[in-house]
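Let us go through this model by question and answer. Please bring up the sequence and the coordinates first.

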Amino acid sequence: MAYTIAVEGLRKRYGDVQAVDGVSFEVAEGEFFGILGPNGAGKTTTLEIIEGLREADAGELSVLGLPPWPRNPKLLPRIGVQLQASSFFERLTAREQLQTFGSLYGVPAKKADAMLEAVGLDDKADVRVEKLSGGQAQRLSIACALVHDPELLFLDEPTAALDPQARRNLWDVLQKINTEGRTIVLTTHYMDEAEILCDRVAIMDRGTILKLGPPPVLVRGLDAPARISIATGVLAADAARRLPGADEVADDGVSLVISTRDPSAVVAAMAAENALTGVQIRGATLEDVFLDLTGREYRA
Amino acid sequence: MSTFDSFKSLSRAMFLGFVRDRTALGFTVLFPLMFLVIFGGIFGHQTTSRVTLVEVGPVPVVDQALARGAGELHGVMKVEKSTDRAAALRKVEKGDADAVVEQRGTDLTVHYSAADQVRSGTARGLMQSIVQSENQSASGKPPVYKLASQQVEDDSLKAIQFFTPSLLGWALASAGVFGASQTLVTWRTKGILRRLRLSPAPISTVFGARVAVSLVVALVQMALFLLVAQLPFFGLKLQEYWWMAIPMVLSGVLAFLAIGMVIGAWAKTQEAAQGVTQLVVLPMAFLGGSFFPLDDAPGWLKTLSYIFPLRYLNEGMLNVMGRGLGPASALPQIGVLLGVAVVGSLVAVRLFRWDAA
């Protein structure tokens with residue numbers, strides 16, 4: 001099967017820093033692929049090499065079956081790249097931005113309104129970009145990347161610096177774009193974002209991919225315990241330790257947290273004792289995967 | 001897909017961005033126009049200050065002459081009357097008046113100060129000619145010889161003839177250099193260059209559109225300048241081959257854009273680009289002869305002025321617009337400006353970077 005993106009042994013060095021140190025992966029058609037990692041992990045450099053903005057020092061690379069470097073005008077109309085939210089012409093309205101960027105691809109001007117609607121900005125068509133909020137600018141930026149109907153879309157930390165409401169809003173937009181059959185490659189340093197959006201994620205740190213797979217598989221592969229927490233005082237710590245299946249119990253004075261590999265047994269027993277006030281059950285997350293892989297707390 | 005459509009659409013976007021920027025509009029169009037109004041207003045109506053003559057007691061000879069040749073004499077002299085001889089003489093000593101004149105019978109006496117030889121000379125010469133013409137008319141015969149004076153320059157070469165092309169040159173230089181350097185740095189730091197690079201449109205289309213917008217803006221600047229300067233108040237008289245100024249303006253803009261591109265390609269931040277632009281444009285405007293004519297400047301300054309491209313634009317425009325020289329007179333200057341444009345562009349391409357990093 002031909003992959004949309006195939007990367008093999010990619011390397012890139014800046015001075016003393018080996019930014020990308022032998023990265024290999026494939027992205028299938030229609031896949032939502034995430035590259036996850038803290039700042040400085042090499043995500044952006046990897047993405048820029050795939051987009052054709054930088055030349056790799058070493059490695060094999062094909063995008064839609066074509067080499068992206070040097071600048072390849074045959075490939076460029078088939079990919080869309082979402083850039084930082086400030087990459088607009090000054091003093092133009094949202095519609096004018098889309099028309100202008102569209103014209104670079106030979107897209108008729110009337111397409112702009114359809115794009116604005118697709119990202120939920122139809123009521124902002126005549127607003128200048130300087131007046132848009134962070135989330136609106138980010139959505140316009142995505143619309144600009146989609147205006148020429150690319151098969152493959154790159155998103156570099158699209159929700160950085162957005163408030164929670166705007167992030168969720170943007171996730172909806174991205175999921176819709178993906179269900180239209182487009183392949184999406186996303187970099188992010190938010191674990192929750194990768195878990196919600198991506199079919200598969202590559203966890204990167206220090207220029208290499210530590211682990212690659214669907215988020216649930218990565219999390220399950222950890223065999224990490226689930227954490228059940230209830231309000232302190234509902235159940236005594238000693239009583240909690242005696243529950244069937246409870247591995248560890250900690251009480252910090254606010255919450256009592258029970259770690260278990262058999263959460264259904266524990267919850268059933270707690271229900272029997274009528275001790276489920278304020279209950280929250282949290283499974284392992286990608287954050288735990290990262291901790292497990294690097295031995296370090298994940299800090300975005 | 002047509003490259004021309006991209007070109008049109010990009011040009012439109014850049015033009016809109018420019019006209020919506022009130023500050024840029026003010027600085028590139030209105031600010032130089034204001035200078036034209038001020039300079040044209042001050043220097044356009046400047047007359048050599050008149051000779052001030054103080055009559056002590058009645059001086060019928062001067063009064064008769066004034067009555068006869070009223071317009072002409074009033075243009076060159078101003079007559080005050082005084083009865084206090086000592087006070088009048090003190091005025092001359094202090095330089096508040098140029099001469100004191102007294103008449104006793106048929107004898108006239110002129111008192112002057114040696115402090116300002118030129119002015120006292122003018123005053124004495126004036127009195128001499130008044131006395132002679134009164135003598136002549138007293139003889140009752142018509143004058144045999146007549147004198148008419150004519151300036152050697154075209155009599156339309158007033159201050160406005162100089163200031164219109166030279167201030168326009170300054171306006172074009174600052175708009176061109178600022179426009180290009182700011183655009184390049186802004187596009188790079190904001191990531192617009194990156195977005196353009198990721199589109200299939202040829203880079204030449206993108207830069208071509210930016211250049212086209214600059215050329216149109218320059219022609220608008222020129223039209224405004226010429227319209228304002230030709231108002232009766234300023235009185236610019238365009239010479240026969242003024243239209244040669246159009247290719248001059250266009251090649252000048254190309255030269256200044258190229259200089260701006262070099263600055264923009266080199267500078268990392270907008271502040272740096274702005275500072276360097278000022279450092280280039282202001283001395284160029286002063287020493288390139290935008291604010292004062294270089295005809296009377298010392299030789300070394302004239303030589304120095306030729307390192308600035310603006311000097312060639314000013315000179316060429318002055319020749320065809322103000323002085324009325326033939327169209328071919330502008331060709332060497334156009335050649336120099338286009339040469340600067342080519343060399344500047346080559347340097348800019350070498351310094352060019354897509355990304356801020």
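**Sheet and chain contact**

Helix H9 (residues 263-272) of chain A lies across strand S10 (226-231), S11, S12 and S13 of chain A, at about 20° to S10(A). The model is predicted: local features need pLDDT of at least 70, side-chain atom pairs count only at pLDDT 80 or more, and totals for chains, interfaces and linings use all residues. Residues are numbered from 1 along each chain as its sequence is written, and chains are lettered from A and ligands numbered from 1 in the order in which they are written.

Student: In which order do the 4 strands of the open sheet of chain A run?

Tutor: Helices (H or I, at least four residues) and strands (E, at least two) are DSSP runs, numbered from the N terminus. Two strands pair if DSSP finds at least two bridges between them. S11 (246-251) and S13 (280-282) of chain A are the edge strands, each pairing on one side only. The pairing is antiparallel, and the order is S11-S12-S10-S13.

Student: Which residue of S12(A) is the bridge partner of A:Glu248?

Tutor: S11(A) pairs with S12(A), residues 255-260, in the antiparallel sense over 5 bridges. The partner in S12(A) is A:Ser259.

Student: Which element gives the largest share of the side of chain B that touches chain A?

Tutor: Contact means C-beta atoms, placed from the backbone, within 7 Å. Chain B brings 21 residues and chain A 22 residues. Helix H1 (3-19) and helix H8 (192-197) of chain B each supply at least two residues of chain B's side. The largest share, 7 residues, comes from H1(B).

Conventions
Two residues are in contact if their C-beta atoms, placed from the backbone, lie within 7 Å. Axes are lines fitted to C-alpha atoms, for helices over the stretch in contact, and angles run from 0 to 180 degrees between N-to-C directions.
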